[in-house]
Amino acid sequence: MEVRSWKLEVGSWKLEVGSWKLEVGNLSKIINYQLSIIKIMNETTLTKMKQMTLHGMHNAFKTSIESGKIDHYTLDQFISILIDAEWDERHNRRIERSIKNAKFHYQSSIETLNYDASRNLDRNLILRLSECEFVEKNENILITGSTGVGKSYLGTALGYQACIEGYKVNYFNTSKLFAKLKMAKADGSYLRELTKIQRQDVLILDDFGLQALDSQNRITLLEIIEDRHNNGSIIVTSQIPVQGWYDIIGEKTIADAILDRLIHQSHRIELQGESMRKKRNSKNY
């Protein structure tokens with residue numbers, strides 16, 4: 001078979017068949033030019049993502065560029081990676097915002113709870129409550145026990161978990177809440193404050209019953225409980241056993257109305273054991 005020699009020359013490109021010789025003149029310049037165009041396009045895309053507040057996509061796209069892994073994925077795979085990154089980013093920001101708005105007194109989590117047998121803390125019950133079905137059912141959680149046994153920590157841990165599950169939570173020290181609402185009555189913002197509380201999926205009343213309620217606080221508590229009956233959940237922590245709450249509330253008719261709504265469809269947890277604050281070497285509550 002005879003292969004005749006022929007020569008093709010286009011600009012600086014030269015191809016000779018016969019001698020099978022290929023000469024590339026400006027090929028490297030062309031490649032560099034194409035790469036620079038791609039770089040400019042990527043930088044423009046990153047800028048637009050940031051301006052559109054697509055922070056998750058921005059970070060994922062930037063990481064893929066820097067690692068050189070963009071070509072490792074099909075188009076469908078890469079779009080899926082960007083969407084997942086944006087979803088995760090927004091989900092995490094929503095949780096952070098919910099936790100910030102809840103105004104917890106301190107950090108807490110279900111994972112760090114201490115289930116020592118002496119505490120009378122049912123692990124299975126807590127794990128069920130951590131699924132937050134009690135919020136969907138508008139059920140309440142009443143946590144009692146002596147000073148330092150971890151009532152506030154447990155209530156806050158359940159509140160944190162509700163935030164993670166996407167619910168709106170508000171934490172209050174009960175005495176400070178009553179003081180705040182008394183001031184609200186004085187300056188005319190009382191109804192607005194009650195409306196804010198009513199909008200929450202979960203209301204945490206910490207350290208309930210440290211002092212007996214006066215007539216104003218008694219009515220305030222009734223209004224809060226009435227607004228939330230079948231319309232939200234309440235987590236209450238108290239040193240006083242539930243049966244002693246009648247004396248804390250005072251006036252029998254109002255106490256009956258409050259406790260009937262609060263105790264009905266509630267989960268009751270009675271913590272026992274020595275003060276967790278005294279366990280200096282313990283890492284968990």
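Two strands count as paired if DSSP finds at least two bridges between them; helices (H or I, at least four residues) and strands (E, at least two) are themselves DSSP runs, numbered from the N terminus. The model described here is predicted, so local features need pLDDT of at least 70 and side-chain atom pairs count only at pLDDT 80 or more, while totals for chains, interfaces and linings use all residues. Residues are numbered from 1 along each chain as its sequence is written, and side-chain values use heavy atoms, with hydrogens and water left out.

Five strands, in the order β5-β6-β7-β4-β8, form an open sheet with parallel pairing. At its edges stand β5 (169-173) and β8 (266-270), each with a single partner strand, so one side of each has no neighbour in the sheet. From one strand to the next, the twist averages 10°. Within the sheet, β6 (residues 202-208) and β7 (residues 233-238) pair in the parallel sense over five bridges, and Phe 208 stands opposite Ser 238 in β7.

Next come the helices. Helix α11 (residues 252-263) lies across β4 (140-144), β7 and β8, and runs at about 105° to β4. Such angles run from 0 to 180 degrees between N-to-C directions, and axes are lines fitted to C-alpha atoms, for helices over the stretch in contact; contact means heavy atoms within 4.5 Å.

Helices α7 (residues 174-187) and α8 (residues 190-198) pack at an angle of about 140°, their axes 7 Å apart. In this contact, Leu 177, Lys 180, Leu 181, Ala 184 and Lys 185 of α7 meet Tyr 190, Glu 193, Leu 194 and Ile 197 of α8.
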